[in-house]
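Let's take a walk through the inside of a protein model. Have a look at the picture first, then read on.

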Amino acid sequence: MAGKDDVPILIAQTGPATGQRWVLAKEMLTIGRDAECDIMIPDRQISRVHARLNKTAAGFEIEDLGSKNGTHVNGSPLKGACHLQDGDLIQVALVAQLVFVGSEATMPLRMDTPLAAMLAAAGSGNPASGGRLRLDGAARRVWVADREIDPPLSVPQFRFLELIYLRPGQVASREDVIAAVWPEAQGSGVSEQAIDALVRRLRDRLAELDPGHQYVATVRGHGFRLDNPAA
């Protein structure tokens with residue numbers, strides 16, 4: 001029998017409901033600014049009843065309900081119903097970004113095939129062990145300056161950090177980031193804004209524990225790399 005922790009959740013990462021979490025325990029849930037919506041986001045750019053989540057045998061789907069400003073999944077406009085997978089980013093109108101955390105997120109998060117293949121092709125060396133930032137890929141845990149990040153990073157944030165952590169001294173291009181963070185979205189147009197927002201949120205989380213150092217360095221015109229000083 002599935003436990004409470006097996007129920008997927010939505011986490012608001014940007015917008016007026018930032019930080020709020022909703023447990024998807026119903027067969028159907030509505031998203032909108034109306035107080036009667038299951039997931040209420042108070043902003044006039046969001047329609048009163050903007051989108052709907054439906055539980056199916058294969059998991060949850062999301063569909064736009066003819067909203068004025070639209071719904072995007074992983075940077076692509078939503079047309080019809082879209083099956084959600086762990087780590088998918090849902091943008092409601094222009095103001096709120098939600099991350100879908102599926103039940104599989106409660107299990108150890110191993111590297112998925114696209115990331116493993118990418119690292120093998122790049123000939124990555126040893127992980128950046130011995131630095132102030134340490135990462136356990138199996139348990140999805142991260143420590144900064146001997147303090148564990150709690151609450152844990154979102155799935156997209158962890159996948160991005162794992163990518164650059166396992167490639168010490170190397171630069172991960174934006175294409176690498178899309179392949180590692182949104183493997184199902186390749187070719188469907190993850191926006192530059194979505195990547196920049198992901199990097200900004202990760203930097204903010206790391207800065208909570210070590211505000212004096214920026215671990216995620218931007219290499220202009222090329223991508224991102226990890227700057228992990230010795231412990």
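## A hole inside

How many cavities of 30 Å³ or more does the structure hold? There is 1. Before we go in, keep in mind that this is a predicted model, where local features need pLDDT of at least 70 and side-chain atom pairs count only at pLDDT 80 or more, while totals for chains, interfaces and linings use all residues. Residues are numbered from 1 along each chain as its sequence is written, and side-chain values use heavy atoms, with hydrogens and water left out.

So what's a cavity? On a 1 Å grid over the protein atoms alone, a cavity is a set of points where a 1.4 Å probe fits but cannot get out, and its lining residues have an atom within 4 Å of a point. Grid points are joined across faces, edges and corners, and the volume is the space filled by probe spheres set on the points. The largest cavity holds about 50 Å³ of space.

## Who lines it

The lining is made up of His72, Val73, Asn74, Gly75, Leu89, Ile90, Gln91, Gln97, Ser191 and Ala194. Two elements give two or more residues each to this lining: β7 (71–73) and β10 (89–92). The largest share, 3 residues, belongs to β10. (Helices, H or I with at least four residues, and strands, E with at least two, are DSSP runs numbered from the N terminus.)

By type, the lining has 4 nonpolar residues, 6 polar and no charged. Here Ala, Val, Leu, Ile, Met, Phe, Trp, Tyr, Cys and Pro count as nonpolar, Asp, Glu, Lys and Arg as charged, and the others, Gly among them, as polar.

Most residues other than glycine have a negative phi. Asn74 has a positive phi of about 55° without being a glycine. You'll find Asn74 in the loop between β7 and β8 (76–77), and it counts as buried because its relative accessibility is 9%. (Buried means under 20% relative accessible area, exposed over 50%, partly exposed in between, with a 1.4 Å probe and protein chains only.)

Ala145 also has a positive phi, near 55°. Ala145 sits in the loop between β13 and β14 (147–148), and it is partly exposed because its relative accessible area is 33%.

## The nonpolar cores

A nonpolar core is a set of buried Ala, Val, Leu, Ile, Met, Phe, Trp, Tyr and Cys residues joined through side-chain atoms within 4.5 Å. The largest one has 36 residues, and the members touching the most others are Val142, Phe160, Leu161 and Trp182. Among the elements giving two or more residues to this core are α2, α3 (174–181) and α4 (192–207). A second, separate core has 24 residues, including Leu29, Ile62, Leu84 and Val95.

Take Leu161: leaving out residues up to four places away in sequence, Leu161 touches Leu133, Leu135, Val142, Leu153, Leu202 and Leu226. Contact means heavy atoms within 4.5 Å.

## Covered helices

In α2, 11 of the 11 residues are buried. One of them is Gln157, which counts as buried because its relative accessibility is 5%. Beyond four places away in sequence, Gln157 touches Gln13, Leu198, Arg201, Leu202 and Arg205. As for α3, 6 of its 8 residues are buried.

Terms used:
1 Å grid on protein atoms, 1.4 Å probe; cavity = no way out; pocket = protein on both sides within 12 Å on 5 of 7 lines; lining within 4 Å.
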